[in-house]
Amino acid sequence: MATEDRVAWPLPDIASVDKPFWEEAQKGNFVLQKCQDCGRLQFLPRPVCVNCFSRKLGWQQSEGTGNIYSFTSVYVPVRPAPRKQVEKTGVPIIFAAIDLDEGVRVLSEIVDCLPEEVKLGARVKVCFEEAPGTNFKLPKFRLIK
Amino acid sequence: MQREGVCLVGYGELPNTLPEAEGLRSSFSYLPYLAEAVSLALDNARLKKKDVDGFALVRLAFPADTPAVAEELGLELDWVQGVDCGGASAVLSVRRAADAIQLGQIEVAVCAAGIVRYRGHPFRGLPAYPTDNFMLPYGYGGPNSSFALTQQRHMAQYGTTLEQLGKIVVSFRQNAELNENALLRSPLTLEDYLNSRTISSPVRLYDCLRVCTGATAVVVASERKAKQITEHPIYLVSDAEKTNYQVDKPTPDRTVTGFATLGEELFSKVSREEIDFAEIYDDYPIAVLMQLEDLGFCDKGKGGQFIEQHDITVHGDFPINTGGGELSAGQAVGAGAMLHIVEAVRQLKGEAAARQLKKARTGLVTGLGLLGFDLPIMCAAAMILQRG
C-alpha cells in the first residue's frame, strides 16, 4: 500500500508557452492570454493568437467569474492518484467547462460542493488549491451561493 | 471530393478478443495479427502480395514507423503513408490511398490497423499539451469525460434522453449478436443500459467501448485493377474531411462537430436518401447521434427523435453499424475504426451472411478522431461507397 500512496498527483509539464500562467496561479492570479494585435483573449495559452496568428501575446488578469457551460462527475479519473482519491472517498471529482465573463472557456474542477448542487449555467468564481501532496497551486472554481 | 476510378476490393478482419492476461508482452506482438489481417484482405480481393504497391498504416496503435512495419511484411512499395488522426485514421488512410491511385502513382494499396492489448496496461494515447497540462491535473477521466461534457450539454440544449442514447447501444448489440467477430454478443436491454454504473456522468458503463486485441485491413485499387478481379467493384463515390472545426472560437459549441461542414461535398453525387446503411464511428452513442445531425440526416438537436423514429438494426429501415459497431464489436484502438470500412465493404459485396442487408448498394462510413481541449472532436472524416 505504501508505494500506492506515493503515486504522484498529475501536474502540468510546464513549457515556455504556459509558464507565466502557472507562475501567476502560484500568486493567486488567474490570467488569460491577450493578443496585442487584435485584442482577443484566449485560453489555454498558445504559441500564437488563434484568431489573427500574431505572436505578440500578453497577459490580462481575469475576474475569475463565469457560468458553468457543462460538467461531469468523474468516477474513474485516468491518472492513478485522482482515481485512488475517488475510490477512497467515494466522492467523484467534478470536472467542468466554464465560460468566463470575459468570453473564453476554461476546463477546471468545481470544488467544495456536492455533485447534485452543480447545474448548467450556475455562477462560479476561481479559487486556488494545492494539488494533493504538493505545494503547487491549481486554479479551481467554487459555486457562488 | 467526388472520386473517379477508385475501388475497394477486399477486406480482412480478425475476431476481436479481450486483452490478454498472459503472453510475451512484447511491443512487437501485433505483427502476426497484422500480417493475418492483410493476408485475409488480399485473399478476399483475390490479389497477391506482388500486386501491392502502396501501404498505409493507422498509426495510433503503433510505436513503429510505417516503412518498418511494411518491411516486416516484406512489402516493396512505391507509396507509403502513416496516418495519425486517431479514430479518423482508417477512413483517412483510404482517402490518402485514393489520392495516390487517382494520381496514377499506384494501383493497389493496403490500409491496415491492429493492436494487441494486455490486461493491466491501459492504453493512454500520446502525451498532449492540453490534456497533460490543463485537464489531467483536474481529475479528467479521458474520452469518457470529454464526451460526458458534450453529452451533458446536448441533453440540456436539445432534450436528448438517456433512453434515446440507450436505444443506439441496444440496437448495435442486437446487430453484434449476428457477428462472430464481435467481442460483446450477449443480449443487452435498455434497462441494463440505464442501470449500468456511472463512469463520468452522464456517461455510463454501456456508453463506453471495450478496448481489445484485433487487426483489420482493406484493399483499395484502381478501377482498372478492380475490373480484372470482379464484375461488381465497390466504388469510392465521394469523401471529405475536416480537422479542428471551431478551433478559433473562444467558446465553441461542443454539440456541433466538423461533420457539419462535410455534407455538401459528401452528398454531391449521391444524396442522403440513397444511403441504404451507415457504418458510423461509435466511440460513444452521443457521437453517433451528433454525426447523424451534423451530416444532415435530421435537423440539429433532433438526433434523439431520429433514433426513436427509425429501427437502426439490420432488420430496420435505417441500419447503422450492422456488425455491432465498436460499442459491441470492441475497439482495437486504431483497428477499431477500420472495422466500419470492413463491414461496409462486406455488406456491399453481399458477404455478410446472417446479417446481410436486403438492400446494400450504397453505404456511408465515418471516422472521428482525437480529443483536444474544448472541441467535441478534432478530426471528422467520411466517405460513401457504392456497389458498381
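In this predicted model, the centres of domain 1 and domain 2 of chain A, taken over C-alpha atoms, are separated by 21 Å.

Domain 1 of chain A covers residues 13–61, and domain 2 of chain A covers residues 63–145. Where they meet, domain 1 of chain A contributes 8 residues to the contact and domain 2 of chain A contributes 10 residues. Look at the side of domain 1 of chain A that touches domain 2 of chain A: helix 2 (19–26) and strand 2 (41–42) of chain A each supply at least two of its residues. What kinds of residues make up this side of domain 1 of chain A: nonpolar, polar or charged? There are 5 nonpolar residues, 3 polar residues and no charged ones.

Now step back and take in chain A as a whole. You can find 3 helices and 8 strands in chain A. The C-alpha atoms of chain A fill a box of roughly 55 × 35 × 25 Å along the principal axes. Of the 145 residues in chain A, 35% are buried. Contacts tell us something about how the chain folds back on itself, too: among contacts in chain A with a separation of 6 or more, 52% are between residues 24 or more positions apart.

Next, turn to chain B. Here 9 strands form an open sheet with mixed pairing, in the order 3-2-4-7-1-8-11-10-9. Why is one side of strand 3 (79–83) and of strand 9 (277–279) of chain B left without a neighbour in the sheet? Both strands stand at the edges and each has a single partner strand, so one side of each has no neighbour there. On average, neighbouring strands of this sheet are turned by 25 degrees against each other, direction ignored.

Let's zoom in on one pair of strands. Strand 10 (residues 362–369) and strand 11 (residues 379–387) of chain B run antiparallel and are joined by 8 bridges. As an example to look for in the structure, B:T366 has B:A382 in strand 11 of chain B as its bridge partner.

Finally, find helix 13 (residues 334–349) of chain B. Helix 13 of chain B lies across several strands of chain B, including strand 1 (6–13), strand 2 (54–58), strand 4 (108–115) and strand 8 (234–243). Another of the strands it lies across is strand 7 (214–222) of chain B, and helix 13 runs at about 55 degrees to that strand.

Conventions. Residues numbered from 1 in each chain as written. Chains lettered and ligands numbered in written order. Predicted model: local features only at pLDDT ≥ 70, side-chain atom pairs only at ≥ 80, totals over all residues. Helix = DSSP H or I, 4+ residues; strand = E, 2+ residues; numbered from the N terminus. Buried ≥ 20, exposed ≤ 12 C-beta atoms within 10 Å, placed from the backbone. Contact = placed C-beta atoms within 7 Å. Pairing = 2+ DSSP bridges. Axes fitted to C-alpha atoms, helices over the stretch in contact; angles between N-to-C directions. Domains from an automatic or database assignment. Nonpolar A, V, L, I, M, F, W, Y, C, P; charged D, E, K, R; others polar.
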